[in-house]
Amino acid sequence: MMKRDRTPLRIAAIGAGIVGAATAWELIKDGHDVTLIEPGEPGGSQAASYGNGAWISPASIIPMSMPGLWRKLPGYLLDPNGPLVLRWTALPALAPWLLRFLAAGWTVAKVERTARVLASILHDGPTRHAVLAQEIGEPDYIRQTGLLYAYPDRKAFDDEALAWRLRRENGLDWLELDAGELRRREPDLSASYQFGALVHEGAYCTDPGAYVGAIVDAARTRGARLVKARATGFVVMGGRLAAVVTDQGPIECDRAVICAGIWSRVLAEAAGDRVPLASERGYHGVIASPAAGPKFPIMPSDGRMANTPTPAGLRLSGQVELARLDAEPDWARVEILVTHALRTYPGLGSRASLTIDRWMGHRPSTPDGRPVIGAASASADIVHAFGHGHVGLASGPITGCIVADLIAGRTAGVDIAPFGASRFHH
Ligand SMILES: Cc1cc2nc3c(=O)[nH]c(=O)nc-3n(C[C@H](O)[C@H](O)[C@H](O)COP(=O)(O)OP(=O)(O)OC[C@H]3O[C@@H](n4cnc5c(N)ncnc54)[C@H](O)[C@@H]3O)c2cc1C
C-alpha cells in the first residue's frame, strides 16, 4: 500500500461505524494524524453498521420514496405486520421529515435523479470493499457471490419495472432465473418463488460489525488513536477549527469529520447545518445453525428483507419503523421477519425450534435517500459524512475516499454537489 504524499494534519473522525472506520483508514493512508472518537466499541451493537443486512449491492439505487407511495403509505402504516410502521407518538416530530420524504419521490424524474446520484456511490461498492478488506489483511469478510432478488412470479418482477429500468439505465446487469434455475441454485427456497433476478456484481459481508472493528484495528496499527468519548460540539475561531469538544474534554485538531450515523444531526447543527435526519429503525434476527436457508444472499420481494447466510447463522434483516430515537425496541418486528423466513425456507422447521439473536438499530436517513458529504457551513475544516440511510455499508468505503480527497484538496472521483448539506437550506 502506498503512502500518499501530503502534509499531515490532526484529524478527528467522530464515530466508528463503517463510515468512520473507512474514513480513518483513508486518512491514515494519506499520512495524517488520526483520532477516532467513539463512546462504544467500533462496529459495536449500538451502530447501524453492526446489524445491517450485510448487502453490498450496486442495485440499491432505488430510493424508499417512489411515485405513488403516498397512496400506499396509510395502508403500510396501519398494517402492524407490514414492512413499514410508524409509532404515532413520533408523528408530530416526524411530520416535516415525512413530507420531504414523500416530496423526494413525487415524480419519476426526481427518482431518476436520485438513482443516478446513488449509482455514483454504489456502482463499485463491491470492488471497493474487496480492496479495503485486502488492504487490512482480512479479505474473507467480503464475498462476491452475487445477490438474488426472488419473486413469486414474473408478474411480480414486472410490477417493479420502474426500479429495474433505473438499474438498467445506470449500467447494472442481471440474470433472470426461471423456477427451475432458481431451485437448482437455491434448493431450500419455497416453491412459491418462481422467478429471480441475480445481480452478479453484488457482494456481502460475513460479519459487518467485526469487519468495522478490523478496519479500526488496522488503522490503529498504522498509528490512529481511538478515544473513548462522546463528541458534543466544536471550537471554531475565525472560521477555523481548533478542537472537537467531548464529554472527556476537548481534542485539539485541524480537521474533523462528522460520521456518527443517526447521532450526527446534533453535531451537524453545531457545525452550522440543520439537516433533516430521521431514524428509520430496522431489526435483525439471526437464526443460529439453521436447518435450511439460502446458500447465497436472497431478498424475497414480498418480505422486503435481506436473508443473508453468515457464519453466525441466517441473518434476517429489514423492517422500517419510524419512532423516537430513544423508544424501546418492538421485538414483534423480529417475529415478522422470522415468520416470513419460515415460509420462505420451509425446511427451517418450527418457530419453537429456532434460537434467535435479536437486534434493533438506526438507519441514519435523509428524506431524499442521499447521504450528506461535504464541508460544513460553520467551517470548511469540518466535513460531513453521514446520512447513508439504507446503503451505508455499501457506500462506506467510497465515502472515506471522498472525505480524504476533500481534506487533501484533490478532486473527488465523484460529483459531490448532490450530497451537500445546503440542499436542505430552505
Ligand atoms: C436493519 C438494517 C439493515 C440494513 N441493511 C443494509 C445493507 O444490507 N446494506 C447497506 O449498505 N446498508 C444497510 N443498512 C444501512 C447501514 O447499516 C447504515 O447506513 C450504516 O451502517 C451507517 O453507518 P455509519 O457509520 O454512518 O453509522 P453507525 O454504524 O450507526 O455508526 C455511528 C457511530 O457513531 C458513534 N457515535 C454516536 N454519537 C457519537 C458522538 N457524539 N461522538 C462520537 N461517536 C458517536 C456510535 O456509537 C456509532 O458507533 C441497514 C441498516 C439497518 C438498520
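User: Which helices and strands each supply at least two residues of the shell around the ligand?

Analyst: Helices (H or I, at least four residues) and strands (E, at least two) are DSSP runs, numbered from the N terminus. Here α1 (18-29), α2 (48-51), β15, β19 and α13 (392-408) each supply at least two shell residues, and β19 gives the largest share, four residues. Keep in mind that this is a predicted model, where local features need pLDDT of at least 70 and side-chain atom pairs count only at pLDDT 80 or more, while totals for chains, interfaces and linings use all residues. Residues are numbered from 1 along each chain as its sequence is written, and side-chain values use heavy atoms, with hydrogens and water left out.

User: Which residues come nearest to the ligand?

Analyst: A residue is near a molecule if one of its heavy atoms lies within 4 Å of it. Of the 37 residues around the ligand, Glu38, Ser49, Trp55, Gly389 and Ala394 come nearest.

User: How do I read the two faces of a strand like β15?

Analyst: In a regular strand, side chains alternate between the two faces of the sheet. In β15, Ala278, Glu280, Gly282, His284 and Val286 point one way, Ser279, Arg281, Tyr283, Gly285 and Ile287 the other, and all are buried. Buried means under 20% relative accessible area (1.4 Å probe, protein chains only). Ten of the ten residues of β15 (278-287) are buried, so this strand is largely enclosed by the rest of the structure.

User: Which strands are joined to β15 by bridges?

Analyst: Strands of a sheet pair through backbone hydrogen bonds, either parallel or antiparallel. Two strands count as paired if DSSP finds at least two bridges between them. Ten bridges join β15 to β19 (356-365), running antiparallel, and Val286 stands opposite Asp357 there. Seven bridges join β15 to β18 (313-322), also antiparallel, with Leu316 in β18 as the bridge partner of Gly285.

Methods
Buried means under 20% relative accessible area, exposed over 50%, partly exposed in between (1.4 Å probe, protein chains only).
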